[in-house]
Amino acid sequence: MQITRKVTDDLYWVGANEHRLHLFENIHPLPTGVSYNAYLLLDEKTVLFDTVDWSSARQFLENIEYVLNGRPLDYLLINHLEPDHAASIDEILVRHPETQVISNEKAFMLMHQFGFHIDGENKQIEVKEGDTFSFGKHTVTFVAAPMVHWPEAMVTLDVTNGVLFSADAFGTFNSIDGHLFADEVDFWSPYWLDEARRYLVNIVGKYGPHIQALLAKAGTVLDKIKFVCPLHGPVWRADENLLKFIGLYDKWSRYEPEENGILIIYASMYGNTEAAAMNLASKLSERGFNNYKVYDVSKTHVSYLISETFRYSHVALMSVTYNLGIFPPMHDYLYDMKALNLQKRTFAVVENGSWAPKAGDLIEEYLTQELKEMTVLSGRVTVNSSVNESSDRELAELAETLIDSVNEA
Ligand SMILES: Cc1cc2nc3c(=O)[nH]c(=O)nc-3n(C[C@H](O)[C@H](O)[C@H](O)COP(=O)(O)O)c2cc1C
Ligand SMILES: [Fe+2]
Ligand SMILES: [Fe+2]
């Protein structure tokens, strides 16, 4: 049974919802799914914009046949070759030998590397930034979007009706389950916004400057954009919500925090560092500061920690020493900050050690030497096995230092 939605009179969403995959890219948890969006335009020519992951091909193929209603598929336009969107290219071409594929040079190279069977030169129409292509009533133009999220990525603007096919840009986690437009869901609720942030910062967070470059290009045609059709998550109509979302993209890609607030991220094997974290949290709260969140690094997938760290301005890292090193999940979290290019945050450091505490020095060294524009507050606390009167006093001072720093931010 087909499950499609109309974006405009002649443009259809023909994608699919993914509910079964546990890990996106086999790394990021997907507790509430994801959608693979693809769009089909019925003009004088018919045009399919991108495909879906192989796991969702069955629904996608039913959708396409329903919308085509017996018409040939003239063109398949590929904006992004990552297999979550490109894996079904071969199946489309097997079912539609008449289809010509439109994409750019790098994408064609990748298509061949991945073993897609786009035989014959006449099947490939190579385009580059600034080219235009007409399908009848609709004319599109192509804009390169390198590293948002792969080097071949491009976005396509339908200049006739202002639809921007934005590839991974403006995508979110969460299956859309019948909703099509962002204004059909409560997008600013944590259910959507937290997953939008987690998607963006973990998938393309490393490439902030490339997102900035794409935003700058989009800025020049913003008045022409009427819809933004990403490859994941809901479609955006050009309204104040889209502007707000663009504003968040701008912030995230400049590594600016959304909020002045504190994350307490702790690593504890037997509960004593956890107790120190609770101690610090209660000291913040009793001083009237409540915009903080506490996470156990061992129990929280790092993609959530990274997402929260993009959101907040301050982080208290509290870690046991583990065989003279940083506790491994805490180390992974620090490594992910580096891998995703996270910058411009302020940290407080608390270490625990029972005979040779090392975590504090190692964390501070990592923050200041491996990461960019990170500030470490003075007043590091060393806990020897469990909090005593003296470390309790030091935690109180650290709470004051953190609050002062947040208030100054
Ligand atoms: C496997 C293991 C290795 C540890 N390695 C060190 C170490 O190298 N140096 C040190 O001072 N403490 C070490 N500790 C002690 C911890 O850093 C910490 O003081 C202790 O686990 C109490 O904190 P917790 O209850 O939060 O786990 C180790 C503990 C464990 C269980
Ligand atoms: Fe991608
Ligand atoms: Fe994607």
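Reader: Which residues of the largest nonpolar core touch the most other members?

Author: A nonpolar core is a set of buried Ala, Val, Leu, Ile, Met, Phe, Trp, Tyr and Cys residues joined through side-chain atoms within 4.5 Å; buried means under 20% relative accessible area, with a 1.4 Å probe and protein chains only. In soluble globular proteins, nonpolar side chains tend to be buried together. Here the largest core has 120 residues, and Val7, Leu48, Met111, Ile265, Leu317, Met330 and Tyr333 touch the most other members. Domain 1 (5-253) and domain 2 (263-408) both contribute residues, so this core lies between them; the bounds come from an automatic or database domain assignment.

Author: Two remarks on the source are needed. This is a predicted model, in which local features need pLDDT of at least 70 and side-chain atom pairs count only at pLDDT 80 or more, while totals for chains, interfaces and linings use all residues. Residues are numbered from 1 along each chain as its sequence is written, chains are lettered from A and ligands numbered from 1 in the order in which they are written, and side-chain values use heavy atoms, without hydrogens and water.

Reader: Which residues coordinate the iron ion (ligand 2)?

Author: Donors are N, O and S atoms within 2.8 Å of the metal (3.2 Å for Na, K and Ca); water is not among the atoms, so sites may look incomplete. In this model His80 (NE2), Glu82 (OE), His149 (ND1) and Asp168 (OD) coordinate the ion at 1.9 to 2.4 Å. Asp168 also bridges to the iron ion (ligand 3), the two ions lying 3.4 Å apart.

Reader: Are Glu82 and Asp168 buried or exposed?

Author: Both Glu82 and Asp168 are buried.

Definitions and conventions:
Buried < 20%, exposed > 50% of the residue type's maximum accessible area, 1.4 Å probe, protein only.
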